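Thanks for coming. Please have a look at the structure on the screen, and then I will go through some parts of it.

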Amino acid sequence: MKSLIISVDLGDPDYTAHAEEFLMLARGAGADVAEVLTVRRSRPDAAGFIGSGKIEEAAALVEATEAEVVLFDQPLSPAQQRNLERHFQVRVVDRVALILDIFALRAKSHEGKLQVELAQLQHLSTRLTRMWTHLERQRGGIGVRGPGESQLETDRRLIGVRVKALRERLDRVQRQRLTQRRARVRGQTLSVSLVGYTNAGKSTLFNALTRADAYAADQLFATLDTTTRRVWIQGAGQVVVSDTVGFIRSLPPLLVAAFRATLEETVHADLLLHVIDAASPQRDEQAGAVNQVLKDIGADDIPQIRVYNKIDTAGYDPRVERNEHGTIARVFVSALQRSGLDGLRQSIAEFGEPTGNNAWNETVQPE
């Protein structure tokens, strides 16, 4: 679909990375990007986010490029979105809606689809007024009050019923996970979760560690569903390894809430392998974004090993580094070339030893 991207620079020092990331998101959703309009502002405009002058410029670009949709790289309020669509005469999709669209495209499991639908409905419930313009209330007195308001209330009620049903079904999923988790605890099985920024290579590393075949691709949010496998690691015995959904900076809160059942695997893990793209210039910022989400879901106190992936691209050698306490803090690997994996397995085994659990939250910043 031919698209115009409006990219807003609000003075963020990481704006360039933010803009490039949004372009990847747009292409991942199947957008044919016709033009990118960059707008610099000190703060958002209440009515249209980018101000009347830039709105007119963008409207002219929509007409000139014959764009079918405008992709906005910031979250918009319902009023801002409605005003922009009135000016552009095409659909406007903000950052939250675009991520939701990608999630809907990529979710494969029953649970993942439920989570995406819940997030979409919660996002939609605040924007219903723009969907029923053909049923708006007519002007006039008794006998000529149109059906628009009635239809809107009916739709809100239906959404509310569906949201309640989805939450109940996801609660059942959560209870099933809790039962499985208790069984692992009784069996004293070490639980390891892979976390990391989207496209850091988690699924590729998961496949390399467990000899699984989870889907992996060079794109944002290639996989959404948690995949769990048992693997035997010398020195640690049976280990349960879980691959979780990738994180992203400023992950919309409703997505965190909707995917809480999936993220529970992270909260209850014994050890987190924080997978970082060693070749990314924004690796520190991405790692910080992941740690912020971990804090949001209550997983910031779980022991963590930083796994620097893609060393074949970054030019590093496979190695293991320890912090000042002698605890393994960083492991350098290439999941694609399967190098450095022995060091990672040894790190997991060392963590599983009775004497290896004292100072694991200490981390070392990358060079």
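Contact here means heavy atoms within 4.5 Å. Leaving aside neighbours within four places in sequence, leucine 71 is in contact with Ser3, Leu4, Ile5, Ile6, Phe22, Ala26, Ala31 and Val93.

A word on the source. This is a predicted model, where local features need pLDDT of at least 70 and side-chain atom pairs count only at pLDDT 80 or more, while totals for chains, interfaces and linings use all residues. Residues are numbered from 1 along each chain as its sequence is written, and side-chain values use heavy atoms, with hydrogens and water left out.

Now helix H1, residues 15-28. Helices (H or I, at least four residues) and strands (E, at least two) are DSSP runs, numbered from the N terminus. H1 has 14 residues and reaches 20 Å from its first C-alpha to its last, close to the 20 Å expected at 1.5 Å a residue; that expected span is 1.5 Å times one less than the number of residues. Which residues of H1 are buried? They are Tyr15, Ala17, His18, Glu21, Phe22, Leu25 and Ala26. Buried means under 20% relative accessible area, exposed over 50%, and partly exposed in between, with a 1.4 Å probe and protein chains only. These residues pack against strands E1 (2-9), E2 (32-40) and E3 (69-72), and against helix H4 (95-106). After H1 comes glycine 30, with a positive phi near 95°.

Next, helix H2, residues 52-65. Ile55, Ala58, Ala59, Val62 and Thr65 are its buried residues. Seen down the axis of H2, they fall within an arc of 145°, so they line one face of the helix; the arc is that of the directions from the helix axis to the C-beta atoms. The face turned away from that side carries the exposed residues Gly53, Glu63 and Ala64. Covering the buried residues of H2 are, among others, E1, E2, E3 and helix H3 (78-88). Just after H2, glutamate 66 has a positive phi of about 60°.

Last, the sheet. Seven strands form an open sheet in the order E6-E7-E5-E8-E9-E11-E10, with mixed pairing. Two strands pair if DSSP finds at least two bridges between them. E10 and E11 (residues 328-332) run antiparallel and are joined by four bridges. Valine 320 stands opposite valine 331 in E11.
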